[in-house]
Amino acid sequence: MPVTVVRFNLVDPAATPDTLSARYRAALEMAAYADDRGVSTIQTEEHHGAANNWLPSPLAFAGAVFGATRKIAVTVSAVIGPLHDPLRLAEDVAVLDLLSGGRLVTVAGIGYRPEEYAAFGVEWTLRGRLQDELLDTLLKAWTGEEFTHRGRTVRVTPRPYTRPHPLLLVGGSSKAAARRAARFGLPFFPSAHLPELEAYYDEKRAEYGTEGWTMMPAAETPLLHLSEDPDRTWAEHGEHFLHEARTYASWQDPPGRGIRSAVRSAATTVEELRAEGVYRVLTPDACAALAEGGAHLVLHPLVGGMPVDEGWRSLHLFGENVLPRLK
């Protein structure tokens with residue numbers, strides 16, 4: 001069976017507190033539905049200060065998902081490492097690992113928006129050094145033994161459920177990220193299909209004498225929405241896909257950031273976006289055919305402020321008309 005993912009970032013540019021609360025609760029109900037039907041993973045992520053209400057607290061959301069589910073994994077891709085206190089993050093991940101019985105996957109990235117660093121009072125130019133400290137601290141903290149942190153002797157409890165530690169990957173699209181993953185002996189999570197970077201990571205692992213592996217998106221990893229009438233769905237809801245695509249584009253376009261992402265669009269209209277294929281609205285038959293061709297399936301039911309009832313229509317089509325054909 002292919003890897004199946006349901007993604008949530010809880011974006012809604014027109015939200016009120018009431019409607020956003022309803023969206024969050026719907027996401028938990030959708031996660032429970034996905035869990036019951038054998039979906040592999042819930043994916044979520046972290047961004048701060050976005051006008052469209054992009055989820056800023058993925059670990060809190062992951063905890064709620066674990067409380068509503070029994071088997072499904074939650075992948076946080078990514079935690080923006082330098083924005084977190086290392087000891088507190090070690091505690092939070094340990095508690096979630098215990099709560100879930102080892103279902104949490106954490107990808108630690110350094111982010112690509114200087115404005116997020118400014119909001120937290122964290123120096124952008126120190127992000128690499130801070131990420132190194134974070135990874136080193138997490139690995140030491142999860143042993144349950146005393147260690148030295150910023151000149152103090154500390155100990156983090158409780159120990160996590162997973163041995164030797166919760167699944168932690170290093171995310172990024174740069175050689176620095178690949179080197180960092182290799183140096184710490186951690187798996188590497190490129191943010192796009194970058195086989196040359198995977199090769200560089202393997203070279204550095206050999207140099208450092210460490211173990212590891214790469215979890216990399218395929219050359220094409222479209223974000224999916226299911227519909228019995230894709231033309232109607234694009235006409236009625238294409239603006240939601242375009243909103244997310246344009247948000248990503250606005251974050252990735254400034255020069256000097258060197259951002260490479262699996263979600264990258266140059267579209268400025270719904271028609272252009274549909275032609276690109278980064279976001280796809282498929283019938284259940286077309287979705288099953290995509291899976292039979294070996295593709296991973298990433299469903300994005302609440303994309304860009306998508307109405308909750310439309311998100312449910314997509315997820316039900318996936319659960320009732322696609323997943324049974326893949327088992």
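Predicted model: local features only at pLDDT ≥ 70, side-chain atom pairs only at ≥ 80, totals over all residues.
**Sheet**

Strands of a sheet pair through backbone hydrogen bonds, either parallel or antiparallel. Here, 9 strands form an open sheet with parallel pairing, in the order E8-E7-E4-E3-E2-E1-E11-E9-E10. Its edges are strand E8 (188-190) and strand E10 (279-282), each of which pairs on one side only. On average, and with direction ignored, neighbouring strands of this sheet are turned by 30 degrees against each other.

Within this order, strand E3 (residues 73-80) and strand E4 (residues 104-109) run parallel and are joined by 6 bridges. Isoleucine 80 has glycine 109 of E4 as its bridge partner.

**Helices on the sheet**

Helix H8 (residues 230-252) lies across strand E1 (4-7), strand E9 (223-226) and E10, and runs at about 160 degrees to E10. Helix H10 (residues 284-292) also packs on the sheet, where it touches E9, E10 and strand E11 (297-299). The direction of H10 makes about 120 degrees with that of E10.

**Helix pair H1 and H2**

Two packed helices are described by the angle between their axes and the distance between the axes. For helix H1 (residues 17-36) and helix H2 (residues 58-68), the axes come within 9 Å and cross at roughly 50 degrees. H1 is therefore oblique to H2. The crossing of the two helices is right-handed. On the H1 side, the contact is made by Ala27, Leu28, Ala31 and Ala32; H2 contributes Phe61, Ala64, Val65 and Ala68. By class, this contact of H1 with H2 has 8 nonpolar residues, with no polar and no charged ones.

**Backbone geometry**

Most residues other than glycine have a negative phi, and most peptide bonds are trans. The table lists exceptions in this model.

| Site | Backbone value |
|---|---|
| Threonine 157 to proline 158 | cis, omega near 0 degrees |
| Arginine 163 to proline 164 | cis, omega near 0 degrees |
| Leucine 10 | positive phi of about 60 degrees |
| Arginine 150 | positive phi of about 50 degrees |

Proline 158 is located in the loop between strand E6 (152-154) and strand E7 (167-172). Proline 164 is likewise placed in the loop between E6 and E7. Arginine 150 belongs to the loop between strand E5 (147-149) and E6.

Leucine 10 is found in the loop between E1 and H1. Is leucine 10 buried or exposed? Its relative accessible area is 1%, which is under the 20% cut-off, so leucine 10 counts as buried.

Technical notes. Residues numbered from 1 in each chain as written. Heavy atoms only, no water. Axes fitted to C-alpha atoms, helices over the stretch in contact; angles between N-to-C directions. Helix = DSSP H or I, 4+ residues; strand = E, 2+ residues; numbered from the N terminus. Parallel < 35°, antiparallel > 145°, perpendicular 65-115°, else oblique. Left-handed = near helix turned anticlockwise from the far one by under 90°. Contact = heavy atoms within 4.5 Å. Nonpolar A, V, L, I, M, F, W, Y, C, P; charged D, E, K, R; others polar. Pairing = 2+ DSSP bridges. Buried < 20%, exposed > 50% of the residue type's maximum accessible area, 1.4 Å probe, protein only.
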